[in-house]
Amino acid sequence: MDAIAERYQRFARAEAAGRSALYETMAKHVAESPDALTFLSRLPRDRQQPNLLFAALRLITGTPASVREFDHALEEHANAIAEVMLTRTTQTNEPGRCAALLPVLARIEGPLAVIEVGASAGLCLLPDAYGYDWGRQSLVPPDRSGSAAPVFQCHASEYTPLPVRHPEIVWRAGLDLTPLDVANEDDVAWLETLVWPEHYERLARLRKAVQTARTERPRVVAGDLRQDLQALIADAPGDATVVVFHTAVLSYVTDQGERDAFAAEMIDDARVTWLSNEGPRTFPQFAEAAGPVREDMFLLAVNGKPMAWTGPHGQEIRWI
């Protein structure tokens with residue numbers, strides 16, 4: 001249980017601090033609660049994540065206002081919360097991350113065929129359907145998206161190369177172990193619950209992105225990145241540049257050797273431009289080349305080369 005406690009302490013320190021006071025408080029509490037740690041220890045290791053616990057509890061009982069309410073909810077509804085944690089996964093489909101990906105996507109010679117690994121409901125497969133505001137530069141949503149499309153705000157560092165137009169995407173597909181469906185109300189409710197409780201603007205933008213996706217209907221297929229990605233790459237049109245990207249996904253492949261093998265496969269594939277946007281611990285060999293490590297941010301790399309530090313929800317990009 002010490003390892004679980006450390007996981008929650010790190011989440012409080014590196015992920016929730018300054019972003020969600022409630023999640024920071026609850027994570028610190030879990031790290032010191034024998035009852036909560038015992039509950040988590042009965043679950044498989046890959047189902048012990050803070051985001052999964054907090055979202056499952058909120059889905060079943062609503063958002064607790066205090067650690068006392070959290071303890072009561074966990075005690076009274078332990079079985080129902082555990083069932084959600086065993087049947088659902090942390091599939092945070094944060095379309096705001098497109099604001100941090102776009103400066104890199106726009107530098108790749110098109111037209112583009114984009115493939116997202118760990119696509120959830122496919123909201124990040126539509127970077128050309130949204131609007132963006134980087135402070136000193138902005139892009140309005142394209143005409144096809146209309147006024148209902150979200151506009152994502154992202155603070156960009158001085159030297160970040162900001163795009164003046166949306167990339168030309170002619171083909172797109174997603175891969176996920178258990179895809180979510182934007183037309184399914186239960187799936188959408190889970191997506192909304194995965195948004196942290198104080199993040200009202202994120203929730204509003206998510207709802208707009210869901211409406212956009214219900215019109216655009218990006219293709220997301222069920223499959224494992226280790227076995228099924230190559231078939232999707234082969235499906236992409238031959239006259240387009242294939243871009244494989246993922247955000248906060250490879251950390252769920254727990255074996256470092258498997259992560260490194262995937263990285264080597266992507267880098268060695270001449271057909272593919274590979275965008276990795278992950279926590280710095282996911283590929284430490286890339287983080288070593290990026291300068292001082294930012295544990296509270298993701299590292300965006302192109303074919304293994306560090307390009308920028310990005311906010312976990314797409315709220316910031318710092319060019320390296």
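The exercises below, each with a worked solution, concern a predicted model.

**Exercise 1.** Identify which residues gather in the patch of negative charge on the surface, and which helix gives the most to it.

*Solution.* The patch consists of Asp35, Asp71, Glu75 and Glu76. Helix 5, which spans residues 67–76, gives the most, with three residues. Glu76 is found in this helix. Membership of a patch requires over 30% relative accessible area; Glu76 has 48% and is partly exposed.

**Exercise 2.** Determine how the buried and exposed residues of helix 6 are arranged.

*Solution.* Begin with the buried residues of helix 6 (residues 78–87), namely Ile81, Ala82, Val84 and Met85. Viewed down the helix axis, these buried residues fall within an arc of 160°, so they line one face of helix 6. The face turned away from that buried side carries the exposed residues Asn79, Glu83 and Thr87.

**Exercise 3.** Describe the backbone at Pro111, Ser120 and Asn303, and locate each residue.

*Solution.* Recall first that most residues other than glycine have a negative phi, and that most peptide bonds are trans.

- Pro111 is joined to Gly110 by a cis peptide bond, with omega about 5°. Pro111 lies in the loop between helix 7 (98–105) and strand 1 (112–117).
- Ser120 is not a glycine, yet its phi is positive, about 55°. Ser120 lies in the loop between strand 1 and strand 2 (131–133). Its relative accessibility is 2%, so Ser120 counts as buried.
- Asn303 also has a positive phi, near 50°. Asn303 is found in the loop between strand 10 (298–302) and strand 11 (305–310). With 32% relative accessibility, Asn303 counts as partly exposed.

Terms used
Residues numbered from 1 in each chain as written. Predicted model: local features only at pLDDT ≥ 70, side-chain atom pairs only at ≥ 80, totals over all residues. Heavy atoms only, no water. Patch = residues over 30% accessible without salt bridge, like charges linked within 9 Å, V, L, I, M, F, W, Y side chains within 5 Å. Areas by Shrake-Rupley, 256 points an atom, 1.4 Å probe, with all protein chains shown as cover. Salt bridge = Lys/Arg side-chain N within 4 Å of Asp/Glu carboxyl O. Lys, Arg positive; Asp, Glu negative; His and termini not counted. Charge placed at Lys NZ, Arg CZ, Asp CG, Glu CD. Helix = DSSP H or I, 4+ residues; strand = E, 2+ residues; numbered from the N terminus. Buried < 20%, exposed > 50% of the residue type's maximum accessible area, 1.4 Å probe, protein only. Arc of directions from axis to C-beta.
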